[in-house]
Amino acid sequence: MASPTQHRSILPAVLVVLLGVCVAPLTADGPSSRARRRAPALKMDEAAVSVMNEVDTDLLLSALSDRCYQCLPQPVGLVPAAPGPGVPTTASFTVGTQHALTLQLNSTPGNSELCRVHFHFGEHGNYSLWVKSLNDPAQANCTMITETEPVNSYLPILLAFITFAGFYVLAAIWNTVMGLDSVRNFLHRFGSTLEADRLINSELGTPGRSEESLTEVNIPTSSGRRLHSLDTFRGLALVVMVFVNYGGGRYWFFRHESWNGLTVADLVFPWFVFIMGTSVSLSVSGALHRGARCSHLLWKICWRSVQLFLIGVFIINPNYCAGQLSWDSLRIPGVLQRLAFTYLVVAVMDVLVSRLRPASTPTETWWYTVHDILFCWPVWALVVVMETLWLCLTFLLPVPGCPRGYLGPGGIGDVGLHPNCTGGAAGYIDRWLLGESHIYQTPSSRVVYQTIVPYDPEGILGSINSVLMAFLGLQAGKILLHYRDQHRRIIMRFLIWGFVLGVISAILTKCSTNHGYIPINKNLWSLSYVTTLSCFAFVLLLVAYYVVDVRRWWSGTPLVYPGMNSILVYVGHEVFEGYFPFRWKMRDSQSHAEHLIQNLVATSIWVLISYVLYRKRIFWKI
């Protein structure tokens with residue numbers, strides 16, 4: 001039997017799990033974001049509005065979300081005319097509370113606007129909108145009154161933060177106390193010396209510095225020093241990814257943005273791609289340093305990419321429990337598929353370039369300060385060509401029925417002029433090459449923009465910018481390699497890269513959400529999205545590197561554990577998402593608090609699983 005420390009192929013195990021676990025998962029009802037007649041009980045992210053009409057004409061109530069850019073107000077319902085002076089009619093409606101709304105009241109005969117109110121409703125609040133006539137029959141006075149105060153739906157987040165922070169502080173205090181000389185002497189005197197040493201040196205599971213060769217993120221030096229900051233950063237991205245994939249407590253900022261802009265959920269996948277590029281740089285350099293043949297490395301890269309792609313296809317098409325997969329509705333793009341393509345391109349490029357690189361560069365040469373870039377000039381050239389291709393396809397490709405260079409969401413966006421143009425060239429290429437039935441059917445743009453065509457955020461065109469993101473991570477790895485142990489140089493290079501990418505993002509977006517040349521957009525994986533998230537990634541990696549590896553103020557626990565078993569945690573959380581103990585039947589499925597508890601417990605379990613695997617020295621690789 002193979003040693004537990006041996007890197008094991010995850011593909012056979014995953015296929016067994018996929019074919020063997022065929023129990024219908026538990027589901028929970030999600031919130032409804034569309035305004036409608038008042039329901040018997042308010043759901044999550046909803047409030048009740050009663051319109052009191054004292055005007056002698058029927059009124060049409062319409063609503064427009066602040067997050068809907070260039071949209072027309074959408075009808076909510078009719079309010080009957082008042083039967084007489086001082087006798088108002090009442091109509092009740094349900095409205096969304098995630099974002100501020102503009103309520104507009106129009107008279108039905110001439111569809112003329114009488115008044116509008118901008119208001120941010122609170123969850124489960126009860127409001128009254130009084131409409132009174134003025135001397136001018138073409139206008140009315142609208143007043144919003146709060147009848148019942150809303151609940152504080154964000155209080156569970158604060159309590160959860162305090163709870164987890166308290167646990168971590170207690171663990172830190174425990175480690176500090178166990179490291180005191182007086183405690184050491186006490187344990188040696190009254191307890192077993194062997195047991196005392198085990199308790200003292202365990203550091204609650206802190207990764208030992210002697211276990212550096214377990215994975216591929218070592219800097220190839222004589223000391224074989226492992227960079228725990230990379231595992232910490234990868235673990236951070238993975239833990240947040242698991243949390244938001246499980247629902248994030250059903251808070252809107254833990255879900256993907258409908259179109260332009262950023263939420264917490266939009267940060268983690270690009271960071272994972274970035275750190276993958278960094279790991280590729282270190283692993284390829286280490287393998288070549290150990291004398292590995294390029295042909296062998298290329299074969300491993302191709303085989304790993306194939307495995308990633310196949311696993312991704314299986315886990316995003318969960319109908320395997322009902323029988324054979326149906327090609328008619330098989331989704332082809334996905335997160336792991338995007339990672340497979342990105343890894344293949346970046347790793348192959350790095351292998352082909354790294355084998356031609358000289359072992360060292362004299363520090364007295366005039367180009368030493370940029371040698372990490374100059375040695376990668378073929379990769380730079382290829383990335384520039386790919387990015388030029390993305391720009392040309394995005395802005396020059398003719399899309400039937402759509403304006404050239406369209407970057408909008410379609411649906412009711414752009415005042416409803418282009419309802420079938422979601423994603424412009426990116427959506428058109430996916431629908432043309434893959435077919436509408438083989439891409440994502442419910443994109444996040446449906447929530448606000450009511451899009452009517454399928455669109456895949458992990459589509460073909462966006463994969464080009466995913467390669468760019470990984471390449472920037474690869475460049476971070478080159479900095480760590482070429483300036484090994486020169487902490488000041490590494491930190492300065494990371495700061496320079498973060499600053500340059502931040503300036504590029506500011507120019508592309510004009511420091512706005514919707515008015516830039518290329519807005520930040522996760523669905524499109526736009527160029528500004530990549531530069532912005534890469535800027536953040538360089539800064540976060542800098543902080544992790546300084547705190548974890550330079551100053552050693554923090555060991556990276558508990559984030560390093562999922563960071564060292566990232567593929568297993570990601571695949572496992574997708575496969576077992578609907579099963580106990582990761583999900584259970586809730587008493588109130590419309591409660592943010594219950595969803596938050598469930599999602600935090602599920603995420604914590606995966607961190608615990610990764611810790612147990614770390615203690616068992618089991619690391620699944622593909």
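Helices here are DSSP runs of H or I at least four residues long, numbered from the N terminus. With that in hand, select Pro558: this proline sits in the loop between α15 (527-550) and α16 (560-564). Keep in mind as you go that you are looking at a predicted model.

**Stop 1: two cis prolines**

Now move along to Pro581, in the loop between α17 (566-575) and α18. Here too the bond is cis: from Phe580 to Pro581, omega is near 10°. For background, most peptide bonds are trans.

**Stop 2: just past α18**

Follow α18 (592-615) to its end and pick Ile618 in the segment after the helix. Is Ile618 buried or exposed? Its relative accessible area is 17%, so it falls under the 20% limit and counts as buried. Draw a distance from Ile618 to Met564: the C-alpha atoms are 9.7 Å apart, while in sequence the two residues are 54 apart.

**Stop 3: the cores**

Next, select Phe274 and Phe494. These two have the most contacts inside the largest nonpolar core, which has 102 residues.

**Stop 4: an open sheet**

Switch to cartoon and look for four strands in the order β4-β3-β6-β7, which form an open sheet with antiparallel pairing. The edges are β4 (74-79) and β7 (112-119); each has a single partner strand, so one side of each has no neighbour in the sheet. On average, neighbouring strands of this sheet are turned by 25° against each other, direction ignored.

How many bridges join β6 to β7? There are seven. To see one of them, select Thr102, whose bridge partner in β7 is His118.

**Stop 5: three disulfides**

Show every cysteine side chain. Across the whole structure there are three disulfides. Counting bonded cysteines along the chain, they follow the pattern 1-2, 3-4, 5-6.

- Begin with Cys68 and Cys71, joined with an S to S distance of 1.9 Å. The torsion about their S-S bond is about -75°, so this disulfide is left-handed. Both cysteines are buried.
- Go on to Cys115 and Cys142, where the sulfurs are 1.6 Å apart. This pair links distant parts of the chain: Cys115 belongs to strand β7 and Cys142 to strand β9 (residues 140-148), 27 residues apart. Cys115 and Cys142 are both buried.
- Finish with Cys402 and Cys421, with S to S at 1.9 Å. Their S-S torsion is about -100°, so this disulfide is left-handed. Both cysteines lie in the loop between α10 (377-396) and α11 (425-433), so the bond ties together parts that are 19 residues apart in sequence. Cys402 is buried at 15% relative accessible area, and Cys421 is buried at 2%.

While the cysteines are on screen, click two others. Cys392 has 35% relative accessibility and counts as partly exposed. How about Cys511: buried or exposed? At 67% relative accessibility, Cys511 counts as exposed.

**Stop 6: two positive phi angles**

Last, select Gln70, in the loop between β3 (59-65) and β4. Its phi is near 55°, a positive value in a residue other than glycine. Most residues other than glycine have a negative phi. Gln70 counts as partly exposed, at 40% relative accessibility.

Then jump to His124. Where is His124 found? Look in the loop between β7 and β8 (126-133). His124 also has a positive phi, near 65°. With a relative accessibility of 29%, His124 counts as partly exposed.

Methods:
Residues are numbered from 1 along each chain as its sequence is written. This is a predicted model: local features need pLDDT of at least 70, side-chain atom pairs count only at pLDDT 80 or more; totals for chains, interfaces and linings use all residues. Side-chain values use heavy atoms; hydrogens and water are left out. Two strands pair if DSSP finds at least two bridges between them. Axes are lines fitted to C-alpha atoms, for helices over the stretch in contact, and angles run from 0 to 180 degrees between N-to-C directions. A disulfide is a pair of cysteine sulfur atoms within 2.5 Å. Buried means under 20% relative accessible area, exposed over 50%, partly exposed in between (1.4 Å probe, protein chains only). A nonpolar core is a set of buried Ala, Val, Leu, Ile, Met, Phe, Trp, Tyr and Cys residues joined through side-chain atoms within 4.5 Å.
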